[in-house]
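Thanks, everyone, for making time this morning.

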Amino acid sequence: MGTPSYDTIKNDPQFQELVAKRSRFAWTLTVTMLLIYFGFVFVIAFAPSVLAIRLGSGVTTIGIPIGLAVIVSAFLLTGIYVRRANSEFDADTQDIAGRQK
């Protein structure tokens, strides 16, 4: 048997399930990041005094660690996606490709 065609793989039920599962997961992480980011922006826009609360007696406000947490959350969510892609999604892809040979 030769190389499988695009249509053969595209019509495979396991491939369709993989695409749907990967897409749902990616959209879940995307919405999570958007909520975190826009939540921070909305607090800046509509309740800046919340982020102006000083931490201790210095000049650092609570907005600094929260802003850093927004940035770190982007890296964490990317890491979560990569970990699942490398374990689950890649294994499913190899399984599908192996059955098509």
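This is a predicted model: local features need pLDDT of at least 70, side-chain atom pairs count only at pLDDT 80 or more; totals for chains, interfaces and linings use all residues.

Let me start with Leu18, which touches Phe89, Asp92, Thr93 and Ile96 once residues up to four places away in sequence are left out of the count; contact here means heavy atoms within 4.5 Å.

Residues are numbered from 1 along each chain as its sequence is written, and side-chain values use heavy atoms, with hydrogens and water left out.

As for confidence, pLDDT is the predictor's own confidence in each residue, on a scale from 0 to 100, and the protein chain has a mean of 90, with 94% of its residues at 70 or more. The lowest confidence in the chain falls in helix 1 (residues 6–10), with a mean of 79, and the highest in helix 2 (residues 13–46), with 95. Helices here are DSSP runs of H or I with at least four residues, and strands are runs of E with at least two, numbered from the N terminus.

Helix 2 contains 34 residues and spans 48 Å from its first C-alpha to its last, close to the 50 Å expected at 1.5 Å a residue, where the expected span is 1.5 Å times one less than the number of residues. At the start of helix 2, a side-chain oxygen of Asp12 comes to within 2.7 Å of the backbone nitrogen of Gln14.

Which residues of helix 2 are buried? They are Leu18, Lys21, Phe25, Leu29 and Phe40, where buried means under 20% relative accessible area, exposed means over 50%, and partly exposed lies in between, using a 1.4 Å probe and protein chains only.

Leu18 also belongs to the largest nonpolar core, whose 7 residues are Leu18, Phe25, Leu29, Leu77, Ala85, Phe89 and Ile96. Such a core is a set of buried Ala, Val, Leu, Ile, Met, Phe, Trp, Tyr and Cys residues joined through side-chain atoms within 4.5 Å. Helix 2 and helix 4 (63–100) each supply at least two residues of this core, and helix 4 gives the most, with 4 residues.

Now to the charged side chains: the whole structure has 3 salt bridges, each defined as a side-chain nitrogen of Lys or Arg within 4 Å of a carboxyl oxygen of Asp or Glu. Glu88 pairs with Lys21 at 2.9 Å, N to O, and this links distant parts of the chain, with Glu88 in helix 4 and Lys21 in helix 2, 67 residues apart. Lys21 is buried, at a relative accessible area of 19%, whereas Glu88 is partly exposed, at 27%.

Lys21 also meets Asp92 in a salt bridge, at 3.3 Å, N to O; because Asp92 lies in helix 4 and Lys21 in helix 2, this pair ties together parts that are 71 residues apart in sequence.

The remaining bridge to mention joins Glu88 and Arg84, at 2.9 Å, N to O, and these two, 4 residues apart in helix 4, are separated by about one helical turn. Through shared partners, the salt bridges join Lys21, Arg84, Glu88 and Asp92 into one network.

Note on methods
A polar contact is a pair of N or O atoms within 3.5 Å; within protein, one must be able to donate a hydrogen and the other to accept it, and residues adjacent in sequence count only if both atoms are side-chain atoms.
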